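Subject: Model for your review

Hello,

Please find the structure below, followed by notes on what was found in it.

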Amino acid sequence: MVSLSDLVENVTSGNSVAGKLVITFDDGYRDNFQYAAPILKSQNLPATFFITSGFIGNNNTAWWDQGAKPAPSWMEWEEVLLLRKAGFSIGSHTMHHANLGTTTALEAWREIVDSKKTLEHQLNMPVDLFAYPYGGKTNFNEEARELVKRAGYSCCLSCHGGIVAPNSDPFSLNRVAISEWQNRPEQLIMDVVREAATLSSKQQSR
């Protein structure tokens, strides 16, 4: 298990990433702070929490959580800061969970840059990790990727499957999502192995 920053450094240097696993959480839900963080800390496991800056400290319910009972809540800034003080990494997930595959360049720039500025102000430290909202192939484009680079981030993560290879572009890093059907660790392992086999097959066919 390694931190995301360590993984990015290995990828950027062309070093092997075989056997390395990174844990990430998106959005900024309070249960990440209440339940996930203490378990991770007890096992000495690094993790990155990607924060949707505009959600922190408010009572708004995201559209995808409408109807959930009880409605999940967002962290307060004090809790985000406590995560950082506990040794976890904090990354940006835009200001308002924007779909960067459909926004204008100006809107995307504001979402990408304002989130970085807000996090850096609240945490009083640089923030250079980024994951785009929704994580699908249609939720991002090359124009947005260039904006992420220009804003000063060191990486950009998706969430539509796939694994990271030694020659991966740090601004096109894949993630395997934790799905509802994965009720045992072995099922997640099967997904990762399947993704690795797909990557190996593609490389051999080149």
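Which handedness does the β-α-β unit of strand 2, helix 3 and strand 3 have? That unit is right-handed, meaning that, with the strands pointing away from the viewer, the path from the first strand over the helix to the second runs clockwise. Helices (H or I, at least four residues) and strands (E, at least two) are DSSP runs, numbered from the N terminus.

Some conventions first. This is a predicted model, in which local features need pLDDT of at least 70 and side-chain atom pairs count only at pLDDT 80 or more, while totals for chains, interfaces and linings use all residues. Residues are numbered from 1 along each chain as its sequence is written, and side-chain values use heavy atoms, with hydrogens and water left out.

The 3 strands form an open sheet in the order 1-2-3, with parallel pairing; two strands pair if DSSP finds at least two bridges between them. Strand 1 (24–27) and strand 3 are the edge strands, each pairing on one side only. On average, neighbouring strands are turned by 20° against each other, direction ignored. Strand 1 and strand 2 are joined by 4 bridges, and T24 stands opposite T48 in strand 2. Another 4 bridges join strand 2 to strand 3, where F49 has I90 as its bridge partner.

Helix 4 packs on this sheet and touches strand 2 and strand 3, its direction making about 150° with that of strand 3. Axes here are lines fitted to C-alpha atoms, for helices over the stretch in contact (heavy atoms within 4.5 Å); angles run from 0 to 180 degrees between N-to-C directions.

Strand 3 is covered on both faces: S89 and G91 on one side, and I90 and S92 on the other, are all buried. Buried means under 20% relative accessible area, exposed over 50%, and partly exposed in between (1.4 Å probe, protein chains only).

The loops

S53, in the loop between strand 2 and helix 3, is buried because its relative accessible area is 4%. Beyond its neighbours within four places in sequence, its contacts are W77, T94, M95, S115, T118 and L119.

Backbone points to check

Most residues other than glycine have a negative phi, and most peptide bonds are trans. T94 has a positive phi of about 70° and counts as buried at 0% relative accessibility. N44 also has a positive phi, about 55°, but counts as exposed at 68%. The K69 to P70 peptide bond is cis, with omega near -5°; P70 is in the loop between strand 2 (48–51) and helix 3 (77–85).

Regards
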